[in-house]
Structure formats: structure tokens, C-alpha cells
Amino acid sequence: MISRSEYLNRLVFQRRSNGGKGTFPKIQLHNFPVGSEIFEIVVKFCYGWKVDLTASNIAPVHCAAHFLEMSNYLEQGNLISKTEAFLSLVLL
């Protein structure tokens with residue numbers, strides 16, 4: 001997931017630099033803005049699984065993508081651009 005999320009990437013590498021090499025840092029997202037169902041959608045997206053964006057989940061998925069900083073800066077077609085494309089298709 002760190003290859004698609006600037007936020008997680010930053011957290012992992014900060015923890016690794018503080019905790020030494022070869023350790024797997026434990027990361028807790030206490031202030032994650034949405035629930036576990038939306039986090040599951042984000043995880044599936046990160047691992048290349050098919051993700052169904054719908055009118056009922058698009059807003060929380062978009063919020064999660066922004067929180068996790070999943071922009072095209074790290075990878076083209078990342079989750080922020082996918083949710084924005086969905087929103088513009090639905091709204092137009």
C-alpha cells in the first residue's frame with residue numbers, strides 16, 4: 001500500500017528510520033475519516049483487485065483517498081483520480 005499512499009509511505013519510512021532496519025512497523029490510523037468497509041475497498045484497490053465505486057460509497061472512498069494522499073504523484077491512475085473521474089461522470 002505504501003507504493004500508492006504518500007501518507008503511509010511517509011509513516012513507514014519515518015518509523016523504519018527510528019526503529020532500525022529489518023523491522024516491520026506497526027501503524028495505527030486513529031484519525032482515519034471512514035470505517036473499515038471503506039478501508040477494505042482502498043486495500044483492494046492498492047492490491048489490484050476490482051473495486052466497485054458506487055453512488056453510496058464514492059464520497060467516503062474519495063475522503064479516504066485524500067486522507068491517505070493517493071494522488072497521481074506516486075502512480076498514474078491512483079485512487080483520487082479514479083474517484084474524481086467517477087464523480088464527474090455521475091455529475092455530468
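How many residues does helix 4 have, and how far does it reach from its first C-alpha to its last? Helix 4 has 13 residues and reaches 18 Å, close to the 18 Å expected at 1.5 Å a residue; the expected span is 1.5 Å times one less than the number of residues. This is a predicted model, so local features need pLDDT of at least 70 and side-chain atom pairs count only at pLDDT 80 or more, while totals for chains, interfaces and linings use all residues. Residues are numbered from 1 along each chain as its sequence is written, and side-chain values use heavy atoms, with hydrogens and water left out.

Now for the overall layout. The protein has four helices and zero strands, where helices (H or I, at least four residues) and strands (E, at least two) are DSSP runs numbered from the N terminus. Of its 92 residues, 30% count as buried; buried means under 20% relative accessible area, exposed over 50%, and partly exposed in between (1.4 Å probe, protein chains only).

Back to helix 4, where L79, I80, T83 and F86 are buried. These residues sit on the same side of helix 4 because they cover an arc of only 130° around the axis, the arc being that of the directions from the helix axis to the C-beta atoms. The buried residues of helix 4 pack against helix 2 and helix 3.

Helix 2 has its own buried set: I38, I41, V42, F45 and C46. Seen down the axis, they fall within an arc of 140°, so they line one face of the helix. Turned away from that buried side are the exposed residues S36 and E37. The buried residues of helix 2 pack against helix 3 and helix 4. Just after helix 2, G48 takes a positive phi of about 80°.

Leaving aside neighbours within four places in sequence, L79 is in contact (heavy atoms within 4.5 Å) with V42, F45, V61, A65 and M70.

As for cysteines, C46 is buried, with a relative accessible area of 14%, whereas C63 is partly exposed at 42%. Counting pairs of cysteine sulfur atoms within 2.5 Å as disulfides gives zero disulfides.
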